[in-house]
Amino acid sequence: MIGNAVKTILLDNEENFLIPDDKVAHVMDINPLNHALLVLTKVKYTRIPVLNKEGEIVGLVGLSEIVNAMFDLTEIDPDNLTDLLVKDVMETEIKTITKPYDIEYILHLLVDNSFIPLVDEENRFAGIVTRKEILKSVNQLAHTLENHYTLTEKKNTERKIS
Ligand code: AMP
């Protein structure tokens, strides 16, 4: 469990955590793969959110899914770029977060994900929290914790990373 002192400093940067939905590149689930390939190539991100027409996040799509879909068993079939839709290849097992931020859960998720989508009370996509922004807070924590708190080492306690 993260202690209150650490949580307070980490949440100092809270207002900068979020890249709001209007600044996040995304594709729609019903877009053909060639559109997704175009967007990914232009924005230079390897993975972006997929939204449905209700504005909900329904998946993530990246270059790896698209390139994979172009390969048949033995050859590349470029027709798949027009025949298949984003929803046919996107990753659907995604974890989302809501406000207020649960910093412990976010840190846990960012171990394996470079960004986490945020949804509002109506489950609509509201933006992303990225590993980079959270790392900035962790950096600040490392630099300022001892300015605000006096740390004394407890004897006979085990330090364990989990
Ligand atoms: P960063 O921590 O800034 O490197 O971002 C981590 C990942 O979040 C990127 O690789 C993208 O997949 C995603 N990402 C960051 N910013 C955006 C954005 N403006 N639009 C879409 N995806 C983004």
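**Helix packing, ligand and backbone**

Mentor: Helices α7 and α8 are oblique to each other. Keep in mind that this is a predicted model.

Trainee: At what angle do α7 and α8 pack, and how far apart are their axes?

Mentor: The angle is about 120 degrees, and the axes are 11 Å apart.

Trainee: Is the crossing of α7 and α8 left-handed or right-handed?

Mentor: The crossing of α7 and α8 is left-handed.

Trainee: Which residues meet there, in α7 and in α8?

Mentor: From α7 there are I103, I106, L107 and L110, and they meet R131, I134 and V138 of α8. Sorted by class, that contact has six nonpolar residues, one charged residue and no polar ones.

Trainee: OK, what about α1 and α8? At what angle do they cross?

Mentor: Helix α1, residues 4-11, crosses α8 at roughly 125 degrees, and the two axes come within 9 Å. That angle makes α1 oblique to α8. The crossing of α1 past α8 is right-handed.

Trainee: Which residues make the contact between α1 and α8?

Mentor: On the α1 side, V6, I9 and L10. On the α8 side, S137, V138, Q140, L141, T144, L145 and H148. By class, this contact of α1 with α8 has six nonpolar and four polar residues, with no charged ones.

Trainee: Now α3 and α4. How far apart are their axes?

Mentor: The axes of α3 and α4 are 10 Å apart, and the helices pack at about 140 degrees. That makes α3 oblique to α4. Their crossing is left-handed.

Trainee: And which residues of α3 and α4 make the contact?

Mentor: L33, A36, L37 and L40 belong to α3, while L63, I66 and A69 belong to α4. The contact of α3 with α4 has seven nonpolar residues, no polar ones and no charged ones.

Trainee: Changing topic: which residues come nearest to the ligand?

Mentor: There are 13 residues around the ligand, and of these K23, A25, R47, F115 and K132 come nearest.

Trainee: Last topic, the backbone. Is the peptide bond from K99 to P100 cis or trans?

Mentor: The bond from K99 to P100 is cis, with omega near 0 degrees. P100 is placed in the loop between α6 and α7.

Trainee: Where does K44 lie, and what is its phi?

Mentor: K44 is in the loop between α3 and β3. Its phi is positive, about 65 degrees, although K44 is not a glycine.

Trainee: Why point out those two features?

Mentor: Because most residues other than glycine have a negative phi, and most peptide bonds are trans.

Terms used. Residues numbered from 1 in each chain as written. Predicted model: local features only at pLDDT ≥ 70, side-chain atom pairs only at ≥ 80, totals over all residues. Heavy atoms only, no water. Axes fitted to C-alpha atoms, helices over the stretch in contact; angles between N-to-C directions. Helix = DSSP H or I, 4+ residues; strand = E, 2+ residues; numbered from the N terminus. Parallel < 35°, antiparallel > 145°, perpendicular 65-115°, else oblique. Left-handed = near helix turned anticlockwise from the far one by under 90°. Contact = heavy atoms within 4.5 Å. Nonpolar A, V, L, I, M, F, W, Y, C, P; charged D, E, K, R; others polar. Near = heavy atom within 4 Å.
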